[in-house]
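User: Hi! I'm new to protein structures and would like to learn how to read one. Could we go through this one together?

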Amino acid sequence: MIPTETDIQQNKGMAIIAYILFFVPLLAAKESPYAQYHARQGLNLFLLALAVNVVLGIIPILGWLLLPFANIGILVLLIIGILAAANGQVKPLPLIGKYQILK
């Protein structure tokens, strides 16, 4: 479902929150395609961050050295997502945005 301009304007706040707490818009803005889209992107980002931190945290020395750089990359994706949500854009995050976990 494509979000309308009204939906985008009314739910920008929820879309921004989706990148910090992805489950809030999933529960509070069920009727908004715009908030739901960004909530799914936020879920993708959360799962990536979780996987990267677990995997690199387990790998001794090399993983521990790469972990800060991976987290900086995740932070960059977070900022890209928040800026897209704040600007009313519906565009996937680089690298992970094409995957859909929730429909």
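Analyst: Gladly! Let's begin with a word we will need: two residues are in contact when heavy atoms lie within 4.5 Å. Keep in mind that we are looking at a predicted model. With that idea, take asparagine 11: leaving out residues up to four places away in sequence, asparagine 11 touches Ala29, Ser32, Tyr34 and Ala35.

User: How does lysine 30 come out, buried or exposed?

Analyst: Lysine 30 counts as exposed because its relative accessibility is 59%. Its place is also a loop, the one between α3 (23-28) and α4. Not counting residues up to four places away in sequence, lysine 30 touches Pro25 and Gln36.

User: How far is lysine 30 from leucine 93?

Analyst: There are two ways to answer that. In sequence, lysine 30 and leucine 93 are 63 residues apart, while in space their C-alpha atoms are 21 Å apart.

User: How do helices α4 and α5 pack?

Analyst: For a pair of helices, look at the angle and the distance between their axes. Here α4 (residues 33-58) and α5 (residues 62-86) meet at an angle of about 175°, and their axes are 9 Å apart. Angles over 145 degrees count as roughly antiparallel, which is why α4 is described as roughly antiparallel to α5.

User: Which residues make the contact between α4 and α5?

Analyst: Among them are Tyr34, His38 and Leu45 of α4, along with Trp64, Leu66 and Ile74 of α5. By type, the residues of this contact divide into 15 nonpolar, 6 polar and no charged.

User: What about the protein as a whole?

Analyst: Its C-alpha trace spans about 50 × 20 × 20 Å along the principal axes. Of its 103 residues, 36% are buried. The protein exposes about 6,300 Å², with 74% of that supplied by carbon and sulfur atoms.

Technical notes. Residues numbered from 1 in each chain as written. Predicted model: local features only at pLDDT ≥ 70, side-chain atom pairs only at ≥ 80, totals over all residues. Heavy atoms only, no water. Axes fitted to C-alpha atoms, helices over the stretch in contact; angles between N-to-C directions. Helix = DSSP H or I, 4+ residues; strand = E, 2+ residues; numbered from the N terminus. Parallel < 35°, antiparallel > 145°, perpendicular 65-115°, else oblique. Nonpolar A, V, L, I, M, F, W, Y, C, P; charged D, E, K, R; others polar. Buried < 20%, exposed > 50% of the residue type's maximum accessible area, 1.4 Å probe, protein only. Areas by Shrake-Rupley, 256 points an atom, 1.4 Å probe, with all protein chains shown as cover.
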